[in-house]
Amino acid sequence: MSDLILKIYRELYKLYGPQGWWPLMDLGSENLNKTGATHGYHPLNYELPETENQKYEIILGAILTQNTTWTSAEKALLNLKELNALNPDKLLTLDEDVLKEAVRPAGFLNQKSRYLVNITRFFISLEGDTPTRNNILMVKGVGNETADSILLYAYKQPEFVVDAYTRRIISHLGLVDEKISYLDLKKIFEGNLPTDVPLYQEYHALIVEHAKRHYKNKPYQDILNIRN
């Protein structure tokens with residue numbers, strides 16, 4: 001299994017190159033080879049985020065992208081930016097209806113606006129410290145995928161992010177059952193890869209890119225060559 005998991009990564013990297021995910025809005029860089037949004041990506045720069053505000057932006061994005069596309073989440077982030085609310089103190093001062101309207105492009109505006117407030121209060125309470133996975137999961141609105149996204153991309157912690165695309169691809173390739181749980185699939189990746197934050201970041205982003213191109217509609221036509 002270890003050889004196959006690494007082989008999939010190498011094949012994906014060969015196809016699409018470094019992804020530079022998680023995007024940040026104030027960056028002038030782009031990844032024009034990506035499907036969908038291209039702005040704010042930073043291929044081969046693994047030092048980001050560098051500031052607390054950048055961490056906070058990633059955390060907001062992790063909430064906003066739940067059950068929707070990144071392009072929709074990005075529109076909501078742009079709305080928050082126009083309100084100067086990519087700042088935790090400012091976001092908490094927003095009128096409830098104003099916040100909901102800003103969140104609207106990402107869908108589930110009532111739910112996500114509450115979740116943004118919850119995660120913002122949590123972020124402030126950290127006072128710059130790195131949270132544990134268990135602590136993040138105690139925040140209402142944060143599940144496994146969101147917690148791992150926050151830890152991997154905002155705090156550079158080695159937590160592999162599993163999403164629906166990951167399960168779809170790996171089960172289609174015959175490596176796991178399609179009903180495998182989030183935590184079991186996460187364990188497979190973490191148990192068969194070096195513990196390396198840039199690798200985890202690239203692998204997750206490459207899976208997303210590959211799925212957008214080849215796994216949107218059945219029958220799936222995978223182009224990966226992973227068999228020995």
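**Core and salt bridges**

The largest nonpolar core here has 78 residues. The residues with the most contacts inside it are L60, L64, L80, I119, F189, L193 and Y203. Where does this core sit? It lies between domain 1 (1–36 + 161–215) and domain 2 (52–155), because both give residues to it. Keep in mind that this is a predicted model.

Take F189 from that list. Leaving aside neighbours within four places in sequence, F189 touches I5, F160, T166, I170, Y203 and I207.

Now the charges. The count is 12 salt bridges. I'll show three.

Start with E11 and K14. Their closest N and O atoms are 3.6 Å apart. Both sit in helix α1, residues 2–16, about one turn of the helix from each other. Buried or exposed? E11 has 18% relative accessibility, under the 20% cut-off, so E11 counts as buried. K14 is at 64%, over 50%, so K14 counts as exposed.

Next, K34 with E209, 3.4 Å between the closest N and O atoms. This one links distant parts of the chain. K34 is in the loop between α1 and α2, E209 is in helix α11, and they are 175 residues apart. Both are buried.

Third, E159 with K186, at 2.7 Å, N to O. This pair also links distant parts of the chain, 27 residues apart. E159 is in the loop between α8 and α9, while K186 is in helix α10. E159 is buried, with a relative accessible area of 19%. K186 is buried too, at 6%.

R133, D148, E159, K186 and E190 are linked in a network of salt bridges.

Methods. Residues numbered from 1 in each chain as written. Predicted model: local features only at pLDDT ≥ 70, side-chain atom pairs only at ≥ 80, totals over all residues. Heavy atoms only, no water. Core = buried A, V, L, I, M, F, W, Y, C linked by side-chain atoms within 4.5 Å. Buried < 20%, exposed > 50% of the residue type's maximum accessible area, 1.4 Å probe, protein only. Domains from an automatic or database assignment. Contact = heavy atoms within 4.5 Å. Salt bridge = Lys/Arg side-chain N within 4 Å of Asp/Glu carboxyl O. Helix = DSSP H or I, 4+ residues; strand = E, 2+ residues; numbered from the N terminus.
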